[in-house]
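I open the notebook on a new model today. I note what I looked up, entry by entry.

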Amino acid sequence: QVQLLESGGGLVQAGGSLRLSCAASGSFFGIYAMGWYRRAPGKERELVAVINSGGSTLYADSVKDRFTISRDNAENTVYLQMNSLKPEDTAVYYCTRYSGRYYYTKTEYWGQGTQVTVSS
C-alpha cells in the first residue's frame, strides 16, 4: 500500500508563494507519474499539474507560468511551487500517484490533502 503525505499548505496573502511537498512511501517511485489536484469550496476537483516519470509536465491553464511541479526521485517526493498566488487558488490540494509512467494512466493513490488559503 502506497501512502502519500502532503505538507506545506497554509495561509498566504495574494501575490505570495508556497511550496507544497508530497512524500510517497513504497518502491519504484521514479517510474510513476505524479500529480497535484485541488478542490475549491463548492467546486469539482480539478487537475493542477502533473509530471511524468521522465520529467515532462502538464499544467492547468489557470496556473501556467505561476506554478511549477517537480520531483526528487531519490527522496520519493514531488513538489508544487506556487508563486503569484491568487484568492481563487484557495483550495485543498491533493497529491496523487498514477498507475503508470504517464498522466493518462489512472490515478491510483491519493494523499489526505493540504489546505491552501490565499487572502486578498
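This is a predicted model: local features need pLDDT of at least 70, side-chain atom pairs count only at pLDDT 80 or more; totals for chains, interfaces and linings use all residues.

**Entry: S56**

Is S56 buried, partly exposed or exposed? I looked up its relative accessibility and found 40%, so S56 counts as partly exposed. The cut-offs I use are under 20% for buried and over 50% for exposed.

I placed S56 in the loop between β5 (46–51) and β6. Then I listed its contacts, leaving aside neighbours within four places in sequence. S56 touches V50 and I51. I also checked S56 against Y102, which is 46 residues away along the chain. Their C-alpha atoms are separated by 9.1 Å.

**Entry: the whole chain**

I stepped back to the chain. I counted zero helices and 11 strands. Read from the N terminus, the elements run β-β-β-β-β-β-β-β-β-β-β.

Next came the dimensions. Along the principal axes, the C-alpha atoms fill a box of roughly 40 × 25 × 25 Å.

Of the 120 residues, 46% count as buried. Among contacts with a separation of 6 or more, 57% join residues 24 or more positions apart. The accessible surface comes to about 6,200 Å². Carbon and sulfur atoms account for 46% of that surface.

I have 12 positive and 10 negative side chains. The centres of the two sets lie 3 Å apart.

I turned to β8 (77–82). Why do I call β8 largely enclosed by the rest of the structure? Five of its six residues are buried, so the description holds.

I checked its pairing on strand β3 (residues 18–24). β3 and β8 run antiparallel over six bridges. Here S21 stands opposite Y79 in β8.

The hairpin of β7 and β8 has four residues between the strands. In that hairpin, N76 takes a positive phi near 55°.

D65 first. Its phi is positive, about 75°, although D65 is not a glycine. Its relative accessibility is 80%, so D65 counts as exposed.

R66 next. Its relative accessible area is 10%, and R66 is therefore buried. Which residues does R66 contact, leaving aside neighbours within four places in sequence? I found Q81, M82, N83, S84, L85, K86 and D89.

**Entry: S84**

One name on that list, S84, got an entry of its own. S84 lies in the loop between β8 and β9 (91–98). Its phi is near 50°, a positive value in a residue other than glycine. What is its relative accessibility, and how does S84 count? The value is 41%, so S84 counts as partly exposed.

Key. Residues are numbered from 1 along each chain as its sequence is written. Side-chain values use heavy atoms; hydrogens and water are left out. Helices (H or I, at least four residues) and strands (E, at least two) are DSSP runs, numbered from the N terminus. Buried means under 20% relative accessible area, exposed over 50%, partly exposed in between (1.4 Å probe, protein chains only). Contact means heavy atoms within 4.5 Å. Accessible areas come from the Shrake-Rupley method with a 1.4 Å probe; for residues, only the protein chains shown count as cover. Lys and Arg count as positive and Asp and Glu as negative; His and the chain ends are not counted. The place of a charge is taken as NZ of Lys, CZ of Arg, CG of Asp or CD of Glu. Two strands pair if DSSP finds at least two bridges between them.
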